[in-house]
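Thanks for coming. I will walk through one structure, part by part.

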Amino acid sequence: MQLNAQTDTTKLKVKSADFSYFRIGVDASKIIASNMVKDYEAVEFLIDANYKNNLVLSSEFGFGNSMVDNEYLSYKSNNLFMRLGIDKTLFNKEFAGDMDNAFIGVRYGFGLVNRGEANYSVYNSIYGNSIGQIKGAQFFTHWLELTGGFKVEFKKNIFIGWNIRMKTFINPKKFEQLPPNYVAGYGRADKNTAFGYNFYLLYGFGSRK
Amino acid sequence: MNSYKYGFGIWFLLFSLFGAACTNKSVCLEPQTVALRGGFYYSNSDSTISLKDSFVVNANIYFGQGNSYLNNLKNASKFSVTLSTISDSSLIIFQSDSSNFMAETFDTIRAYHENELNFISVACGYQFYHQINKITYTKHSIDTIYLNNTRVNNDVNKEHLKIVLRK
């Protein structure tokens, strides 16, 4: 007697309700980098939530401070920042509750920057050296980002994620004169465009159905 | 997790780490020199102002604090000197014949200028540019000085003074 196995040719279509699953996390790479370099430190947090079947709304925020201390300039700065954006996942879910995915996304970032008073030295062996101070200043700055990355669930509700970012200031002229060394959330403030990366540890909660 | 997703994630991580390694700190490359630049000329016989380049055979230019810096010009038609960053005038002494120390071979040129702080970069800090307001000079070897460009910055192609020498 022959038995013919029947093949289920129906494709699995997995859908989830909007805002049913959330993840909160911290950028571990910034914590590590802050302990390894002496001229800046920053902390970044992330909250994201699923929206539609293949979109994720993302909110990132944090703070940081930096300093410049070389033979020509010396000053400190600090800032708060936030980034809001949306990601599109690239792969279909393989089963209900599958949260592993690659994504591309866009972000709008903005920050309030406080640059402290700066001391400068201009060296001139022919006529003599000059020293002086530049007043502190506050800035509002904003930028746009393209990002792409990957988030994978390696234990139940615990995720790791990594991504790269390309950023560009919307108001680059703000920092033409004596920029802060580092703007948390953006990077080196003397660059009109910047490249960045993140490595997140996240915890998820909510319904995966 | 499916293996193709896993492979994609690994490649993406490696790419991210590579990109992170390429992010480098600001480095101060040698800042460009800010100098007053001049040239030596004789005027045409009809005194029109189409100047012809002239060589000084063996001249000296003294400048700096106490005029202690010397620029020896041999068969040269151009020169450059730095201006003071701590006062609003700079004294330059032109000796038309370095082997002759008679008074008539020396001319003094004084440039009156405003010093402006100019930001270079975080790594290099600031430098001074100058805005020349006036030039005064003696006329032993010098006939006339034309102030061609009043802004002294790091543009190496600008000539600020045209010094017309007596024939």
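Let me start with a question: along strand S5 of chain B, residues 78-81, which side chains point to one face and are buried, and which point to the other? Keep in mind that this is a predicted model. Phe79(B) and Val81(B) share one face and are buried.

S5(B) pairs with strand S1 of chain B, residues 36-42, in the antiparallel sense, over four bridges. One of the bridge partners is Phe79(B), which sits across from Gly38(B).

Now chain B as a whole. Its secondary structure is one helix and eleven strands. Of the 167 residues in chain B, 22% are buried. If we take contacts in chain B between residues at least 6 apart in sequence, 51% of them join residues at least 24 apart.

In soluble globular proteins, nonpolar side chains tend to be buried together. Here the largest nonpolar core has 19 residues, and those with the most contacts inside it are Leu36(B), Ile61(B), Val81(B) and Ile92(B). Two or more residues each come from S1, S3, S5, S6 (89-95), S7 (106-121) and S11 (161-165) of chain B. S3(B) gives the most, with four residues. What does Ile92(B) touch, leaving aside residues up to four places away in sequence? Its contacts are Ile61(B), Phe63(B), Val81(B) and Ile109(B). There is also a second, separate core of twelve residues, which includes Tyr40(A), Phe175(A), Ala184(A) and Ala189(A).

Last, two backbone angles. Leu178(A) is not a glycine, yet its phi is positive, about 50°. Leu178(A) lies in the loop between strands S9 (158-169) and S10 (182-183) of chain A. Is Leu178(A) buried or exposed? Leu178(A) counts as buried because it has 23 C-beta neighbours inside 10 Å, and the cut-off for buried is 20 or more.

In chain B, Asn67(B) also has a positive phi, near 50°, and is a residue other than glycine. Asn67(B) is in the loop between strands S3 (56-63) and S4 (69-76) of chain B. With 13 C-beta neighbours inside 10 Å, Asn67(B) counts as partly exposed, because exposed would require 12 or fewer.

That is what I have; questions are welcome.

Notes. Residues are numbered from 1 along each chain as its sequence is written. Chains are lettered from A and ligands numbered from 1 in the order in which they are written. This is a predicted model: local features need pLDDT of at least 70, side-chain atom pairs count only at pLDDT 80 or more; totals for chains, interfaces and linings use all residues. Two residues are in contact if their C-beta atoms, placed from the backbone, lie within 7 Å. Two strands pair if DSSP finds at least two bridges between them. A nonpolar core is a set of buried Ala, Val, Leu, Ile, Met, Phe, Trp, Tyr and Cys residues joined through C-beta atoms within 7 Å.
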